[in-house]
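Hello,

Here is the structure I promised to pass on. Please have it open while you read, as my notes follow below.

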Amino acid sequence: MKIGIVTYWNSNDNYGQQLQYFATQTFLKALGHEAFLVRYVPQHKRKHKNIFKQIAKLFKPIYLKYAISIFTTPIKNKFINTFYQNHYIDRKFEIFRNKYFNATCLYSENELYINPPRADLFLCGSDQIWCGAGNDKIYFLDFTELPKIAWSCSFGRNLSSLSELEKSQTSSLIKKFKHITVRENEAIKICNALGRNDVELMCDPTLLNSVNKYLDIIDTSIDTENSAFVYYLGHKTYISDNQIYKYFKRAGIKTIFTSSQGITNRIPKTFPTIEEWLGCIKNANFVVTNSFHGTIFCLLFNKNFAVIPLKTEGANTRITTLLNSIGLENRICRTISELDKICKTPIDYNKVNTKVNSLRENGIITAKRLLSTI
């Protein structure tokens with residue numbers, strides 16, 4: 001079958017976002033399907049934004065605070081070493097996409113409704129593409145009447161956080177799907193409450209492939225041996241990235257720090273390619289992350305790791321669902337003392353790998369069964 005995939009894809013610093021699509025395309029191709037990415041970017045996220053709105057943003061408290069910090073710190077920590085590096089260093093994501101992604105031209109919302117790409121089936125997912133609930137109907141595949149499947153989708157929210165309007169819009173949209181699979185138990189609750197009682201739990205697509213698929217593209221040129229690798233997304237967590245950095249520094253442990261989604265601070269960082277990021281995780285002695293996909297690749301590479309949960313309500317449900325299912329919920333920590341304990345507690349991967357393999361096998365069975373009904 002020819003399968004079109006709608007998902008998040010155009011980040012230049014979110015490693016998990018790129019790898020979840022890579023994994024889906026790789027998996028479907030192995031099954032004999034022709035999978036392709038529908039390159040859609042919402043209008044409000046396009047680069048040609050209103051210049052006056054961009055100037056107005058500079059006067060928001062968060063930017064003013066940052067501007068003040070620039071002029072009150074030593075020269076070596078000024079603009080070039082902080083803001084510029086964190087936001088504009090090229091991690092070569094576009095090279096990765098050009099090399100591995102089978103993709104369409106760039107579509108607008110109107111273009112998808114008027115003349116969508118030809119396919120036998122459309123998938124949406126994975127990633128937290130339903131985080132905005134019914135705000136963007138493209139991520140619910142509203143532009144097509146062809147068969148459609150939700151592919152390990154996430155809301156990244158609790159049911160209580162949805163407004164009545166969002167519930168009404170989402171309820172209408174999810175009723176049009178042939179099949180719906182999600183990544184976390186909370187998403188099942190949301191879909192059930194909105195009228196879909198046939199929703200299934202399916203593992204993230206990065207788990208559908210064997211670890212060899214990632215070893216084939218890995219780059220270990222960044223030396224993380226005898227080091228702690230820290231990968232942090234730009235969201236508030238129970239332990240800040242600065243606290244993590246100071247903890248390892250006090251312990252005399254070398255730290256390789258990579259940030260994503262706009263983190264701006266003076267912690268020394270590396271800016272790996274996607275292939276190098278995989279290598280950083282594989283070779284590190286220990287990994288600390290607040291990322292769902294960071295967690296997954298720790299599991300795939302059998303690493304000792306700790307997960308720092310986000311403070312946003314509902315944002316951790318996909319991680320807790322995953323870790324609870326394999327008996328590693330104790331790797332989540334909210335204090336430095338808990339982190340210290342986890343660092344000294346190895347993981348028995350003989351048991352964990354058996355459970356991860358079971359998740360993969362169940363996911364493959366589910367995926368094949370749903371695709372066979374089209």
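Is Leu-141 buried or exposed, going by its relative accessibility? At 0% relative accessibility, Leu-141 counts as buried, where buried means under 20% relative accessible area, exposed over 50% and partly exposed in between, with a 1.4 Å probe and protein chains only. Before the rest, some housekeeping. This is a predicted model, in which local features need pLDDT of at least 70 and side-chain atom pairs count only at pLDDT 80 or more, while totals for chains, interfaces and linings use all residues. Residues are numbered from 1 along each chain as its sequence is written, and side-chain values use heavy atoms, with hydrogens and water left out.

**Overall**

The protein has 15 helices and eleven strands; these are DSSP runs numbered from the N terminus, with helices being H or I of at least four residues and strands E of at least two. Of its 374 residues, 53% are buried. Taking contacts (heavy atoms within 4.5 Å) between residues at least 6 apart in sequence, 77% join residues at least 24 apart.

**The loop between E4 and E5**

Leu-141 has its place in this loop, and its phi is positive, about 60°, although it is not a glycine. Ser-126 is found in the loop too, and a cis peptide bond joins Gly-125 to Ser-126, with omega about 0°.

An aromatic pair also belongs here. Rings of Phe, Tyr and Trp (its six-membered ring) pair if their centres lie within 6.5 Å; planes under 30 degrees apart count as stacked, over 60 as edge-to-face and the rest as tilted. By this rule the count comes to 23 aromatic pairs. Trp-130 and Phe-140 form a stacked one, at 4.7 Å centre to centre and 5° between the planes. Both lie in the loop between strand E4 (121-124) and strand E5 (148-153), so the pair ties together parts that are ten residues apart in sequence. Trp-130 is buried at a relative accessible area of 0%, and Phe-140 is buried at 1%.

Phe-297 and Phe-301 make a tilted pair, 6.2 Å centre to centre with 35° between the planes; both residues are buried. They belong to a cluster linked by ring pairs, whose members include Tyr-15, Phe-22, Phe-93, Phe-96, Tyr-100 and Trp-277.

Two charges sit over rings, meaning that NZ of Lys or CZ of Arg is within 6 Å of the ring centre and within 35 degrees of the ring normal. Lys-148 lies over the face of Phe-177, 5.8 Å from the ring centre. The charged end of Arg-331 is over the ring of Phe-305, 5.8 Å from its centre.

**H1 against H5**

Helix H1 (residues 15-30) and helix H5 (residues 93-100) pack at an angle of about 5°, with their axes 12 Å apart. Axes are lines fitted to C-alpha atoms, for helices over the stretch in contact, and angles run from 0 to 180 degrees between N-to-C directions.

Tyr-15, Gln-18, Leu-19, Phe-22 and Gln-25 in H1 meet Phe-93, Phe-96, Arg-97 and Tyr-100 in H5. Lys-92 lies in the loop between helix H4 (83-88) and H5. Its phi is positive, about 65°, although Lys-92 is not a glycine, and at 42% relative accessibility it counts as partly exposed.

Best wishes
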